[in-house]
Amino acid sequence: MTNSEIVAKLWNFCRVLGDDGITSHQYVTELTYLLFLKMSQEMDMEKDILEGYRWEDLLAKEGVELTKFYKTLLDQLGEHSTGRVREIYSGATSAIKEPKNLRSLIVNIDSLDWFTAKDEGLGSLYEGLLEEKNAGEKNSGAGQFFTPRALIEVITELVSPQAGELCNDPACGTFGFMIAADKYVKRNTDDLSDLSTHEQEFQINEAFTGCELVHETHRLALMNALLHNIEGKILLGDTLSSFGKQMKNFDVVLANPPFGTKTQSIDKSKDNKKASKDYGRDDFTFPSSNKQLNFLQHIYRSLKTNGKARAGVVLPDNVLFADGDGSKIREDLMEKCNLHTVLRLPTGIFEYAKGVKTNVLFFTRGVDDIDNTAGVWFYDMRTNMPSLGKSNPLTVQHFDKFKDAFLAEDRQAVDDDRWSYFSREQIAKKNNSLDLGLIKDDSLLDYDDLPDPLDSILDIIAELEEAVAIFNDVRDELLSLREV
């Protein structure tokens, strides 16, 4: 049985909980509580779980005794464990009311082909479960939307995290970007075997970190990281509050901040420093009520100032053209960083946010904070593109031509109509707008190609004059015949 088949079975078990009114999001959380215990048994990791509250202890219970024991188990593991176990079970509660449903779920999980699952990798199994969850619900809360795996892989490949670098996602969701970064480094180091013991420990314990605002999503991120043998810190908190000031000095940032606006608004009549202190970050030069603009400020400020630290960030179109603070923040970004590439993404790639138009900004923090961007290259993957969605999902292959342009030794030599360049001076004349680089849309009427209305009128007049001339000739002919 493959991992994909196991995932399908796990989702079939969800029907058992239908009478309890369990949503798909709640179901994955319930599965996380149970799968962690079962996987700990399979991976010989039970030493980290309190005695008397392990998988076999849970499997031995039935009926009302089971539900009472399960509640106690969640409380004990959340309050009296240490490390990742305590983080995963902190504040854990179960929404399953019927003992028979809980028992059925436990027995079904126990009966799965765990030998095959371990062979394929428990981390990939859990990733598959998370992907199915995101495909089955409209959104995952707090304005978050699932980032397509193909997009994550391409951004990660082009930003190219290296062994020994500190990587971060300040809006990490279920930790997808950092999982991809870990896999990328492992592919390039023979699964870390090319590294020294000290370097391997760094990769496992420090290299990949993140922050997540939503408690339940944070729990899924912890589980995902654990099953991929990643022990880096995953903070639970609001990156855009003063809490986020601790996240800094990174070599690589990969992120898709949540869409939407910040709930608190800033009183523009007050001093900026006071306003940012009251409502968010007192270290932002340009505090804004636009959540994505604040995330952008956080990200480029969190990079090391060594000329090498870099980021790949998914942001909606409004970040590219917002006036006021938006213009100032884009100017600040181009001063502090080399914003070398903007990818205009196709619409429809976010399955349940089809109308959202997004982009990827690629930039590198400079050594100083002056004139780091000379100009920006744009690639248009949006205009005149086939419709993407369930029937035509986004794949890595869709990015092939963009990758060729991005990686070209001489970008000016790239022969691709979708690839264009705007100097810093040109951008400044447009109020620092980055809403650029879109090619001609063939679906729109091009008025330049329409005939000049005056020409049409003159043609009609000429035709009328010709008709009048013919009429006059015929009339004269008839009059001459009459005289005869």
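Buried means under 20% relative accessible area, exposed means over 50%, and partly exposed lies in between (1.4 Å probe, protein chains only). Keep that scale at hand for the tour.

This is a predicted model, where local features need pLDDT of at least 70, side-chain atom pairs count only at pLDDT 80 or more, and totals for chains, interfaces and linings use all residues. Residues are numbered from 1 along each chain as its sequence is written, and side-chain values use heavy atoms, with hydrogens and water left out.

**Stop 1: asparagine 229**

Select asparagine 229. It sits in the loop between helix H12 (215-227) and strand E3 (234-236). Helices (H or I, at least four residues) and strands (E, at least two) are DSSP runs, numbered from the N terminus. Its relative accessibility is 42%, so asparagine 229 counts as partly exposed. Now check the backbone: phi of asparagine 229 is near 60°, a positive value in a residue other than glycine. Most residues other than glycine have a negative phi.

**Stop 2: phenylalanine 175**

Jump to phenylalanine 175. Here too phi is positive, about 85°, although the residue is not a glycine. Look for it in the loop between strand E1 (167-169) and H10. Is phenylalanine 175 buried or exposed? With 0% relative accessibility, it counts as buried.

**Stop 3: helix H10**

Select residues 176-187, which form H10. This helix has 12 residues and reaches 17 Å from its first C-alpha to its last, close to the 16 Å expected at 1.5 Å a residue. The expected span is 1.5 Å times one less than the number of residues. Nine of the 12 residues are buried, so H10 is largely enclosed by the rest of the structure. Among them are Phe177, Met178, Ile179 and Tyr184.

**Stop 4: helix H16**

Move to residues 325-336, helix H16. Its 12 residues reach 16 Å from first C-alpha to last, close to the 16 Å expected. H16 is mostly covered, with 10 of its 12 residues buried. What covers the buried residues? The cover includes helix H14 (291-302), strand E6 (337-344) and helix H18 (424-429). Contact means heavy atoms within 4.5 Å.

**Stop 5: H9 and H17**

Show helix H9 (residues 149-159) with helix H17 (residues 400-407). Their axes, lines fitted to C-alpha atoms over the stretch in contact, come within 11 Å and cross at roughly 15°. Angles run from 0 to 180 degrees between N-to-C directions. H9 and H17 are therefore roughly parallel to each other, a label for angles under 35 degrees. Colour Val154, Glu157 and Leu158 of H9, then Phe402, Lys403, Phe406 and Leu407 of H17: these make the contact.

Definitions and conventions:
Angles under 35 degrees count as roughly parallel, over 145 as roughly antiparallel, 65 to 115 as roughly perpendicular and the rest as oblique.
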